[in-house]
Amino acid sequence: MTDHSHDEDEHEDELEDEDDELDDDFDLSGVAPAAAFYQAPEGYRSGFASFVGRPNAGKSTLTNALVGQKIVITSSKPQTTRNVVRGIVHRDDAQLILVDTPGLHRPRTLLGERLNDLVRTTWAEVDVVAVCFPANEKIGPGDRFLVTELAKVRRTTRIAVATKTDLVTPEQLGQHLLDIAALGVETSTEWAEIVPVSAVAGDQVDLLSDLLVGLLPEGPPLYPDGDLTDAPEEALAADLIREAALEGVRDELPHSIAVVVEEMGLREGRPDDKPLLDIVANLYVERDSQKGIMIGHKGARLRSVGTAARKQIEALLGTPVYLDLQVKIAKDWQRDPRQLRKLGF
């Protein structure tokens with residue numbers, strides 16, 4: 001594996017003209033009922049549920065816990081999730097498709113506005129919206145803003161999930177649940193359920209799955225058995241690279257990193273029992289100074305990011321990976337409509 005950066009002329013750092021199509025729109029048009037895959041038993045349910053909440057409310061961790069495998073990146077940095085990713089929970093009695101959205105927030109950039117639009121579109125198209133309230137944080141203005149916005153969406157069933165219950169005492173959790181109920185009254189929101197959960201400890205994750213399934217309509221499965229997500233592998237790899245990059249730079253540039261996988265494919269001429277997946281990816285930052293931070297002294301940081309990302313991609317896809325990772329500059333991409341489009345937003 002190599003992880004290396006190339007200093008290039010500024011005009012070469014401009015993004016390619018082709019669109020990198022990441023699956024970041026919630027679109028049901030491409031979903032075919034899976035009745036063709038197998039006959040669903042009597043009373044089988046299938047449908048979509050979306051986790052929403054303030055940034056860093058535990059939505060991605062909960063999605064991974066329910067699916068049973070890591071399909072969504074998690075980070076201590078807020079605003080980690082940028083693409084809507086569907087995680088698929090297969091049960092004997094149901095298929096639950098989880099839609100993980102970016103955290104709704106007051107936007108400061110064009111990127112922020114587009115992420116918020118994505119959240120609202122998703123709310124209107126799913127069967128259940130589960131609002132996540134971390135138990136270790138008091139309910140605040142951000143939660144009120146979110147629930148008030150959600151109240152404008154009609155017909156969608158709402159439940160409240162108290163996340164991160166492993167971080168509080170029983171007394172604190174009790175008060176938190178009362179506060180969630182009070183917020184519902186205050187915003188004229190009717191909670192179909194209020195359930196405390198710890199995705200990290202595994203507490204009540206199965207109960208949450210049962211509650212969500214009970215709120216789905218009856219119908220055949222929508223995806224083949226065994227599928228865990230419908231996100232393209234390129235998008236999953238890009239997200240895992242970005243996660244590794246975020247952990248490397250702490251608070252220095254949490255929102256300025258974007259990753260595009262330019263090429264991805266099995267290396268030709270390898271024996272079937274020794275495959276190697278070649279991935280060429282560009283890691284974009286907004287300024288020269290950020291490029292230096294990302295590369296690190298003599299390339300040390302970029303190498304560690306590449307190693308961490310490669311291991312995660314190998315674990316997810318089950319294939320050895322050769323990762324060619326380069327750092328490029330896309331000036332002020334978060335505020336530039338053209339650059340946002342090239343980066344898949």
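**Exercise 1.** On the other side of helix H8, which residues are exposed?

*Solution.* This is a predicted model, in which local features need pLDDT of at least 70, side-chain atom pairs count only at pLDDT 80 or more, and totals for chains, interfaces and linings use all residues. Residues are numbered from 1 along each chain as its sequence is written, and side-chain values use heavy atoms, with hydrogens and water left out.

Step 1. Helices (H or I, at least four residues) and strands (E, at least two) are DSSP runs, numbered from the N terminus. A residue is buried under 20% relative accessible area, exposed over 50%, and partly exposed in between (1.4 Å probe, protein chains only).

Step 2. List the buried residues of H8: Leu-302, Val-305, Gly-306, Ala-309, Arg-310, Ile-313 and Leu-316. Seen down the axis of H8, the buried residues fall within an arc of 130 degrees, so they line one face of the helix; the arc is that of the directions from the helix axis to the C-beta atoms.

Step 3. Turn to the other side of H8, where Lys-311 and Ala-315 are exposed.

**Exercise 2.** Describe the pairing of strand S9.

*Solution.* Step 1. S9 covers residues 277-285, and seven of its nine residues are buried.

Step 1. Two strands pair if DSSP finds at least two bridges between them. Strand S8 (residues 258-266) pairs with S9 in the antiparallel sense over eight bridges; here Val-259 has Leu-283 as its bridge partner.

Step 2. Strand S10 (residues 321-329) and S9 pair in the parallel sense, over nine bridges. In this pairing the bridge partner of Val-285 is Ile-329.

**Exercise 3.** Which residues have the most contacts inside the largest nonpolar core?

*Solution.* Step 1. A nonpolar core is a set of buried Ala, Val, Leu, Ile, Met, Phe, Trp, Tyr and Cys residues joined through side-chain atoms within 4.5 Å.

Step 1. The largest core has 27 residues, and those with the most contacts inside it are Ile-241, Ile-279, Ala-281, Leu-283, Leu-323 and Leu-325.

Step 2. At least two residues of this core come from each of helix H6 (233-249), S8, S9, helix H7 (288-295), H8 (300-317) and S10. H6 gives the most, with seven residues.

Step 3. Apart from this core lies another, of 26 residues, among them Phe-48, Ile-88, Ile-139 and Tyr-223.

**Exercise 4.** Locate two residues that have a positive phi although they are not glycines, and state their exposure.

*Solution.* Step 1. Arg-155 has a positive phi of about 75 degrees and is found in the loop between helix H3 (141-150) and strand S6 (157-163). Its relative accessibility is 82%, so Arg-155 counts as exposed.

Step 1. Gln-204 has a positive phi of about 65 degrees and lies in the loop between strand S7 (194-196) and helix H5 (205-214). With a relative accessible area of 37%, Gln-204 is partly exposed.
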